[in-house]
Each structure stands twice: as C-alpha cells, then as structure tokens.
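This report describes the pockets of one protein model and the surroundings of its ligand. The sequence and the structure come first.

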Amino acid sequence: MNYRHAYHAGNFADVLKHSVLFALIQALRVKDTPFALIDTHAGSGCYALDSEEAGKTGEYREGIARLLFPDLHHSAHASGAALPPLLRHWLDTILSLPGNEHGLKLYPGSPLQAARAMRDTDSAQLCELHPEEAASLRELFHHDRRVHVHNRNGYEALKALLPPKEKRGLVLIDPPYEAQEAEYRLIDTALKAALERWPTGIYAIWYPIKLRSQVQPFLRGLQHGSARRVLRAELLVHPDDSPLRLNGSGMVILNAPWNLDQVLREPLRAMAQLLSQERAAEWRLDWLKQDNDAQAEPKP
Ligand code: SAM
C-alpha cells in the first residue's frame, strides 16, 4: 500500500469524482427520509495544499485551482463564462471550508465533502485500510456523531454494512488501482455481492483512464450486471492511448437517479473547457444501461 492521496488531492480526477458525488448527495437530499453514505476507500479526509506531498506534484493546480481561478490560466474557453449552478454551488462548499477563508489552502476529501453536504439525520460509514490515514480520518470526525470510521478493508466491510438501516443511499468506491486488473476484479466481486444484499442502493465507482482498452471489459461487465441503470461520466485531458500517464478518469454510477445525465451535462461541459491542457479536454456522458421506468419518469 504505497498510495497516498495527499499527492493527488484536488487534481482533475478529484474534480470529476467530487462534483459527481456532490450531485448524487443533492439528489438524495430531495427526499426528507435519511440516507446512508458508505465510502469504501475514504483516504484521510482533508488535504493541505501547501504540504510537501501536494507541492511535489502540483496536481491541484491543473484541477481545482483552474475551476476556482480560471482567469489565471488564460484559457480561451475559461474567460467570462458563467459556471453552471451545480458547479458553482460545489465550488462554494470548497471555498467555505474552515481554513479556506484566505484562499485555497485545504482540499476536502470525499468524506469531508460528503459530511458537509449531509443533513443531521443522514449517516456515513468510512472505511480506510491504511492505519495512519484512518487515524487522521478518526481525528477529523471525532466530534461528528453521524460519521463512523472503520480501519478495515472497504470491500470486505461492505458485507457487514449493507444494506444500511436507512434503506437508501450511496456507496462510493474509489480505490488506488495500484494493480489495475486486480483492482477491477476486486470491484467486480464486491459489487456483485453488494447488489445482492442491497439491489436498490446507488453505487458510484471512480476509474482511471490510461488505455481505453483497459477500461472496456470493466464497463461491459457492469452493463450486463444486475443494476437497473448504469450511467458513465468521463473527462479526458489527454488522448486515451498511453498507459504511462493518467489521461482521464470516469465515474460509473449504478442505479443512478433517472435524471442524473441532465444534471451533469452542463457541469461536465464546463469542466472540460476549464481543465483543457495542450488540447481541448473531452467528455462523455451516457447511459450504458437504462430501464424502461427511467424513460417513463416525468421530465422536469
Ligand atoms: N476517496 C478519497 C477521496 O476522494 O478523498 C480518496 C481515496 S484514495 C484514491 C484511496 C484510499 O484507499 C487510500 O487512502 C488507500 O490507503 C485506501 N485503500 C487501499 N486499499 C484499500 C482497501 N482495500 N480498503 C480500504 N481502503 C483502502
């Protein structure tokens, strides 16, 4: 376990992952009844952007910083365009984090972003295998009775945590992919068991894109799995033809809210414009599987 998220916090992949997470939590908040969030790979919860780790890679500068300070990047795409409300709202939650009063100093990880978007009655189960990361997480949430930290393997924990007593909610699966094929196998096995225990849960899985061919079998498997609806959202800042670097990333959402594609379309378009590097960034948003009920739902 060499992976430390502190080197990557706030990069272009986090921006996609966390804006989708935010949209999903907003969708869950529409109903008054409480929901549960289960984060299988939680990380340490909050990252200092002036740390040695963040400074070494500077990845957040090509990610969250570009969204917050587009004028610094002289991007033809970036200037002047108003951000879609979902993205604006999400960015406000980052800037209003205690510690960011005088600029972007901290980047909240998925647990902290979720906790800030949850209501008093909602709950979160956070799993993190690395002892030091788990200790930081525990420290961060020691005062928050809605949040439970587990220093254990997130895939295994799903067996005990599903279905949650709230009967509705979201599982976020965001592993490090240190060995890609092995990680896909772990996700696949865990998802099959999880969907049997809790067929109606929403499952959001982040994946890296290096070579397109590495991702296809995984997505095809989900398409033929038992989830009723499968939505894929991707953002690529480089062509997806090199195994040597992170060219882009995706979020695939099982049992996604029926209108999530409409909710994410403009935010994805805006993110692609703001995150473009040597060429225009590409984005992709489509249903890999859609049930008839979804088409029958009333449009807003
Ligand atoms: N979800 C976090 C966020 O968005 O802020 C980032 C998570 S980071 C990509 C992956 C984390 O998973 C690392 O902190 C790593 O220590 C942890 N990890 C690796 N294998 C794990 C496992 N089997 N169960 C739980 N955590 C694991």
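A backbone N or O atom of S110 lies 2.8 Å from an oxygen atom of the ligand. The model is a predicted one, and the distances below are computed from it.

**Ligand contacts**

The side chain of H18 also takes part: one of its N or O atoms is 2.8 Å from an oxygen atom of the ligand. With N153, a polar side-chain atom lies 3.3 Å from a nitrogen atom of the ligand. The ligand taken alone exposes 610 Å², and 95% of that is buried by the protein.

| Residue | Part of the residue | Ligand atom | Distance |
|---|---|---|---|
| S110 | backbone N or O atom | oxygen | 2.8 Å |
| H18 | side-chain N or O atom | oxygen | 2.8 Å |
| N153 | polar side-chain atom | nitrogen | 3.3 Å |

In total, 19 residues surround the ligand. H18 and S110 are among the closest, together with H41, E128 and D174. By class, the shell around the ligand has 5 nonpolar, 10 polar and 4 charged residues.

**The largest pocket**

Where does the ligand sit? Its place is in the largest pocket. The volume of the largest pocket is about 960 Å³. Its lining is made up of 48 residues, of which Y3, H5, P175, P176 and Y177 are the closest to the centre. Helix 1 provides the largest share, 5 residues. The lining of the largest pocket divides into 18 nonpolar, 17 polar and 13 charged residues.

**The second largest pocket**

The second largest pocket holds about 640 Å³ of space. It is lined by 24 residues, and those closest to its centre are L28, K31, I202, R229 and P257. At least two residues of this lining come from helix 1, and at least two from helix 10 (260-275). Which element gives the largest share of the lining of the second largest pocket? That is helix 1, with 4 residues. By class, the lining of the second largest pocket has 12 nonpolar residues, 6 polar and 6 charged.

Methods
Residues numbered from 1 in each chain as written. Predicted model: local features only at pLDDT ≥ 70, side-chain atom pairs only at ≥ 80, totals over all residues. Heavy atoms only, no water. 1 Å grid on protein atoms, 1.4 Å probe; cavity = no way out; pocket = protein on both sides within 12 Å on 5 of 7 lines; lining within 4 Å. Points joined across faces, edges and corners; volume = space filled by probe spheres on them. Nonpolar A, V, L, I, M, F, W, Y, C, P; charged D, E, K, R; others polar. Near = heavy atom within 4 Å. Polar contact = N/O pair within 3.5 Å; in protein donor to acceptor, adjacent residues only side chain to side chain. Areas by Shrake-Rupley, 256 points an atom, 1.4 Å probe, with all protein chains shown as cover. Sits in = over half its atoms within 2 Å of the grid points.
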